Amino acid sequence: MALLPDVPLGDAAGVACAAAILVIAYALFALAGFGSALIASAPLAWVLPVARIVPLLAVLDCAGSVSRAWQARTTVDRAALGRLLPGMLLGQIVGVGLLSALPAHGLALLLGGFVAGYGVWHALGRRGAEQATPTRAWLYGGFGGVLGGVFGSGGFAYAAYLQPRLERAAFRATQGVLIALSTAWRIALCAASGLVDGRLLVTAALLLPAAWLGLTLGQRIDRRLSGPALGRLIDGLLIVAGLALAGKALA
């Protein structure tokens, strides 16, 4: 019997590697409210079948996001959530359509360059919060939804909209609800495609303690971060996310 259903028999190093990757990824997820899939997907491909990674991370993301959102449910900014949600839902539909219709390499290169460029611009040129207009909310929500549908991770777009506009507790809670809704829908799509089965759920359950450890560590580190430091972290992750997407296209 394998140590994990999707990791070869006796590959203790592979199991330890998968657990370590998830600890790091979910520590950053706790800090920024996104990034687990961007950070964990490529290294997890060393030890897990590629087709299993996106649904596995969706299950873990959903569990972590629901927990975070429930703990901070009284601080959710419902107005901001309502502004982003329609664009996110539409964007996810468009993203899934693009995934099946367009060359993935070219799309990843284009979007990766845009995201990295936005991260640089945001880090160098931000001077206070942008005006929270409905058009901006649709753009951020839709773009994040498209990236979520195509690449399984669009949370940085929601964070880029929410973080300058909300105080920290409201940002955490609202981002958690958005990610929970996004990943729940992605799980439903994966299940309909046969990508979520009993073996994957067992693997997710066995790796859940590693994800919880990462979330706990990230929450402890978060208490020591100032608001500007959190903003710089999110800007940095935007740049890393874009470069990762572009690098994947060029690999």
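Leaving aside its neighbours within four places in sequence, which residues is Leu84 in contact with? In this predicted model, Leu84 is in contact with Ala137, Tyr140, Gly141, Tyr158, Tyr161, Leu162 and Leu178.

Leu84 also belongs to the largest nonpolar core, which has 53 residues, and together with Leu22, Tyr26, Leu44, Leu57 and Leu162 it touches the most other members. At least two residues of this core are supplied by each of α1 (12-32), α2 (36-44), α3 (50-71), α4 (78-101), α6 (134-151), α7 (155-162), α8 (168-192) and α9 (198-222), and the largest share, 9 residues, comes from α1.

Two of the residues that Leu84 contacts, Tyr140 and Tyr161, bring us to the aromatic pairs, of which the structure holds 2. The ring centres of Tyr140 and Tyr161 are 5.3 Å apart and the ring planes stand at 55°, so this pair is tilted. Because Tyr140 lies in helix α6 and Tyr161 in helix α7, the pair ties together parts that are 21 residues apart in sequence, and both tyrosines are buried.

Returning to α1, we can follow its packing against α9. The axes of these two helices, α1 and α9, come within 7 Å and cross at roughly 40°, and the crossing is right-handed. On the α1 side, the residues that meet α9 include Leu22, Tyr26 and Phe29, while those of α9 include Leu207, Leu213 and Ile221. Taken over both helices, the residues of the contact divide into 16 nonpolar, 3 polar and 1 charged.

How values were computed: Residues are numbered from 1 along each chain as its sequence is written. This is a predicted model: local features need pLDDT of at least 70, side-chain atom pairs count only at pLDDT 80 or more; totals for chains, interfaces and linings use all residues. Side-chain values use heavy atoms; hydrogens and water are left out. A nonpolar core is a set of buried Ala, Val, Leu, Ile, Met, Phe, Trp, Tyr and Cys residues joined through side-chain atoms within 4.5 Å. Buried means under 20% relative accessible area, exposed over 50%, partly exposed in between (1.4 Å probe, protein chains only). Helices (H or I, at least four residues) and strands (E, at least two) are DSSP runs, numbered from the N terminus. Contact means heavy atoms within 4.5 Å. Axes are lines fitted to C-alpha atoms, for helices over the stretch in contact, and angles run from 0 to 180 degrees between N-to-C directions. A crossing is left-handed if the near helix is turned anticlockwise from the far one by less than a right angle, and right-handed if clockwise. Ala, Val, Leu, Ile, Met, Phe, Trp, Tyr, Cys and Pro count as nonpolar, Asp, Glu, Lys and Arg as charged, and the others, Gly among them, as polar. Rings of Phe, Tyr and Trp (its six-membered ring) pair if their centres lie within 6.5 Å; planes under 30 degrees apart count as stacked, over 60 as edge-to-face and the rest as tilted.
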